[in-house]
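Please keep the sequence and structure in view while reading.

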Amino acid sequence: MGKDVSADPFNPRDRGRYRRKVQRCLDTLARMLSDGSFSFPRKHIGLEVELNLVDDKMRPSMTNAAVLEALDDPSFTTELGQHNIELNVPPRPLAGNSALELEDELRSYLRRAAAKAREVHSHLAPIGILPTLGHEHFDQKWLTPNARYSLLNDQIFAARGEQTVLSMEGAALPGQQAERLRSYAESILPEAACTSVQLHLQVAPEEFAPHWNAAQCLAGVQVALGANSPFLLGKALWHETRIPLFLQSTDTRPEELKNQGVRPRVWFGERWITSIFDLFEENVRYFPGLLPETDAEDPVEALEAGQAPKLTELRLHNGTVWRWNRPVYDVVDGKPHLRVENRVLPAGPTVLDTMANAAFFYGAQRALAEAERPIWTQMSFQAAEENLYAGARNGFDAQLYWPGIGWIPPDELVLRILLPLAHDGLRQSEVSDVARERYLGVIEQRCLTRRTGARWQRDTVQLAQERGADRDSALAAMLARYLELAQTDEPVHSWPLD
């Protein structure tokens, strides 16, 4: 969300002031882009991981304040729900053995966090959606006590004017009927059920559009390949249920506005772009401010004084439009830069799986972005969006559209087309052969076995139920076994079905 906000209520005058300030920030960004105000020494990557906390019975543990106090580490921070924490790993170059070092560092962070969590009788659960969440965990009292989260909750509900509706039909378990969910929530805490890995790539302004377009093309493949969120409120739903759940839990539109075609705040987008400015301009044009707080900086005056403007309002606004590939403007050590933030992947199952997903994305993204004939000139934007939903719903059982091929399963598309491209992209990024082969080898085996975290979860629960367990018991036992196997750091494609 960019920053903490005041707990004081907003009034209509605040909203007018905020709108004007956001527009001034947008004008300043346009000037910076045309003036070449961005320095770009080399590509940097970054990683954020959202985590769940559970108790000994595998139920959500509302202990994030105690865990964070025990950690006393600024790399860890709060998230929306009291059963969530977030880890922000320091950015680094992509080249060389940096990915291997990141893997070791990520494992070290999580090992330390797990030890601190155990001190307050909790356990870390790196998973896309906690399968043991119940409707009672969506009560507003379980919001992390932070003015930002409370105000966001109030503003979304005020805009919609009615309860959150959670409605989806799942991909059927083998030999069974598809399961349906129809539920309601009186807070935005269903969003806290969506725990993800967010991948950042710093790019030069002129490189942003091709990298963003490439990321959009890859989104459907990513979720099919990395799915790890098959259960919600006791139901077997999409392989990556985070995708529809995030959309529904933060939707500010009542049915009438949906029928009018008003855009959702969780948004894939609607067109290929030619500049990062296109995305920020769409945000300002289409979405009213949810947290209309302003600061004292005049961004034009700051720029003319030779400073990097913070563009606070534009960044705060950007943080309340949840694009699956989000544009990021940031200032570090007084220097402005731009990033693509990829948000489609779930957390887990293991550090190795996470790094494999990241390596595949960075490699394939670069290869597609630098191709002589860009893939997005050969497919409609709607096709890329449909791929996202197909991959999320059906995982490896999906049919995705790819130019020059037509409809193809994700595993075949990866093995035939995208995995060789990912190897090329990582070579072009000067990633070491050891790192490249380690991570893309995991992707290859995952495709050959057709086993994602979601597939393992679904098969394990179905097997437990065939042996006589009810759904709730099967979910708790599956999660306990999942956490056991995740600690071994053997990639999920090699996990046994007990």
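## Helix packing and a buried strand

The axes of helix 3 and helix 11 come within 10 Å and cross at roughly 145 degrees. Axes here are lines fitted to C-alpha atoms, for helices over the stretch in contact, and angles run from 0 to 180 degrees between N-to-C directions. Helices (H or I, at least four residues) and strands (E, at least two) are DSSP runs, numbered from the N terminus.

The model is a predicted one, in which local features need pLDDT of at least 70 and side-chain atom pairs count only at pLDDT 80 or more, while totals for chains, interfaces and linings use all residues. Residues are numbered from 1 along each chain as its sequence is written, and side-chain values use heavy atoms, with hydrogens and water left out.

Helix 3 passes helix 11 in a right-handed crossing. A crossing is right-handed if the near helix is turned clockwise from the far one by less than a right angle, and left-handed if anticlockwise. On helix 3 the contact (heavy atoms within 4.5 Å) is made by Ala99, Leu102, Glu103, Leu106, Arg107 and Leu110, and on helix 11 by Val351, Leu352, Thr354 and Met355. These residues divide into 7 nonpolar, 1 polar and 2 charged. Ala, Val, Leu, Ile, Met, Phe, Trp, Tyr, Cys and Pro count as nonpolar, Asp, Glu, Lys and Arg as charged, and the others, Gly among them, as polar.

| Helix pair | Axis approach | Crossing angle |
|---|---|---|
| Helix 3 and helix 11 | within 10 Å | roughly 145 degrees |
| Helix 5 (residues 205–226) and helix 11 (residues 351–369) | within 9 Å | roughly 145 degrees |
| Helix 2 (residues 64–71) and helix 3 (residues 98–119) | within 9 Å | roughly 120 degrees |

Helix 5 and helix 11 cross in the right-handed sense. Their contact involves Pro210, His211, Ala214 and Ala215 among the residues of helix 5, and Asn357, Phe360 and Phe361 among those of helix 11. By class, that contact has 11 nonpolar, 5 polar and 1 charged residues.

Helix 2 and helix 3 also have a right-handed crossing. Val67, Ala70 and Leu71 of helix 2 meet Arg112, Ala113, Lys116, Ala117 and Glu119 of helix 3. This contact holds 5 nonpolar, no polar and 3 charged residues.

Strand 1 (residues 44–54) is largely enclosed by the rest of the structure, because 11 of its 11 residues are buried. Buried means under 20% relative accessible area, exposed over 50%, and partly exposed in between (1.4 Å probe, protein chains only). One side of strand 1 carries His44, Gly46, Glu48, Glu50, Asn52 and Val54, the other Ile45, Leu47, Val49, Leu51 and Leu53, and all are buried.

Strand 1 pairs with strand 3 (residues 84–93) in the antiparallel sense over 8 bridges; two strands pair if DSSP finds at least two bridges between them. Val49 has Leu87 of strand 3 as its bridge partner. Strand 1 is also joined to strand 7 (residues 196–203) by 5 bridges, running antiparallel, with Glu48 opposite Gln198. Strand 4 (residues 123–125) runs antiparallel to strand 1 and is joined to it by 3 bridges, and there Ala125 is the bridge partner of Asn52.

Arg343 lies in strand 13 (residues 335–346). With 9% relative accessibility, Arg343 counts as buried. Leaving out residues up to four places away in sequence, Arg343 touches Val197, Gln198, Arg242, Phe246, Trp322, Arg323, Trp324 and Arg326.
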